[in-house]
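Hi,

Here's the structure I said I'd pass on. Have a look at it first, and then read my notes below.

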Amino acid sequence: LVVEDASIVATHLILAAADEGVDSCWINFFDPEKAAEIFSLPENEEVLMLLDLGYAAEGAGPLPNHNSRKELSETVSYL
């Protein structure tokens, strides 16, 4: 349940930040071992995700393909 719990906490942090006008981004493409080393974490702790907080540059937004979706037939099969 650790990952699920962390996901719930991250979601609440993102929503609380947005409520205060602060932008955020969930980062999940990183080297967790390197992050643990940089943060000097004890061996019994691990980095599950990174969450950056700040103010987006004017005009910043999602990449153009952010809302593109594959057809369901390409990803779903019915048994």
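This is a predicted model: local features need pLDDT of at least 70, side-chain atom pairs count only at pLDDT 80 or more; totals for chains, interfaces and linings use all residues.

To start with, does Phe-29 count as buried or exposed? Phe-29 is exposed, because its relative accessibility is 81% and the cut-off for exposed is over 50%. You'll find Phe-29 in the loop between S1 and H2.

The average pLDDT of the protein is 92, and 99% of the residues score at least 70. Among the elements, helix H2 (residues 32-38) has the highest mean pLDDT, at 95, while strand S1 (residues 23-27) has the lowest, at 91.

Next, follow helix H2 to Ile-38, which lies in that helix. Ile-38 is exposed too, because its relative accessible area is 59% and anything over 50% counts as exposed. Now look for Cys-25: Ile-38 and Cys-25 are 13 residues apart along the chain, with 20 Å between their C-alpha atoms.

Last, go back to helix H1, which covers residues 2-19 and so has 18 residues. From the first C-alpha of H1 to the last is 26 Å, close to the 26 Å expected at 1.5 Å a residue. After H1 comes Gly-21, and the phi of Gly-21 is positive, near 80 degrees.

Tell me how you get on with it!

Cheers

Conventions:
Residues are numbered from 1 along each chain as its sequence is written. Side-chain values use heavy atoms; hydrogens and water are left out. pLDDT is the predictor's confidence in each residue, from 0 to 100. Helices (H or I, at least four residues) and strands (E, at least two) are DSSP runs, numbered from the N terminus. Buried means under 20% relative accessible area, exposed over 50%, partly exposed in between (1.4 Å probe, protein chains only). The expected span of a helix is 1.5 Å times one less than its number of residues.
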